[in-house]
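Subject: Structure handover

Hello,

Here is the structure I promised to pass on.

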Amino acid sequence: MKDWFGRGIWFLVGMFLVIMGLYFLIHPDATLVSIAWLLGAAMLVSGVSDLVVYLARHRAYIASGWFLADGIIDLLLGLLFVCNSWLAAELLPYALAGWAILSGVIKCVGAAIYRRAGMLFWGAPLAIGLVILVFGLATFFKPDIAAIAISAVVAVVLMAQGLMAVMRGLFASSLHR
């Protein structure tokens, strides 16, 4: 009986994921609304953590003003995305691009400050900042492609996960033999 219950759960969850993946593939706007809310929550957490680090250690860090700026930007965008997810979905590609551009520039400036201070690891923040900056610029100039790509990736991943769960549900009993 336990085997039937587990297989049933896997099958139902798998079908749910496949259906959600198909829905998101057909309705990319729904994908963007969902992602906008989740991204907003993530930005809120990031912004709060940057502000906490700034308040706790602003005298200890050379680039603490950049932590403050990054925290405020993340917090404001996070609030916008969580409080108005429909508007955020429309603005998501542009907001993502702007966030990436600002974050990339901030990381590059921080890397320059680290280099001037003689820190050895300044190259890693510079490389990461440049990658983020290039991603932001590309997204800014092609927002429609970014929106479709985001929706398609989410849909495909959901459907793949769902199909895997359906297969577990259908064939789980053969694992015990």
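Predicted model: local features only at pLDDT ≥ 70, side-chain atom pairs only at ≥ 80, totals over all residues.

Residues are numbered from 1 along each chain as its sequence is written, and side-chain values use heavy atoms, without hydrogens or water.

Salt bridge. The structure holds one (a side-chain nitrogen of Lys or Arg within 4 Å of a carboxyl oxygen of Asp or Glu). Lys107 pairs with Asp70, and their closest N and O atoms are 3.8 Å apart. Lys107 is in helix 4 (residues 85–116) and Asp70 in helix 3 (residues 64–83), so the bridge ties together parts 37 residues apart in sequence. Helices are DSSP runs (H or I, at least four residues), numbered from the N terminus. Asp70 is buried, at 12% relative accessible area. Lys107 is partly exposed, at 28%. The cut-offs: buried is under 20%, exposed over 50%, partly exposed in between (1.4 Å probe, protein chains only).

Helix pair. The axes of helix 2 (residues 28–57) and helix 4 come within 8 Å and cross at roughly 65 degrees. Axes are lines fitted to C-alpha atoms over the stretch in contact, with angles from 0 to 180 degrees between N-to-C directions. Contact (heavy atoms within 4.5 Å) involves residues including Trp37 and Met43 of helix 2 and Trp86 and Trp99 of helix 4.

Surface. Leu12 sits in helix 1 and is exposed, at 58%.

Best regards

Methods:
Helix = DSSP H or I, 4+ residues; strand = E, 2+ residues; numbered from the N terminus.
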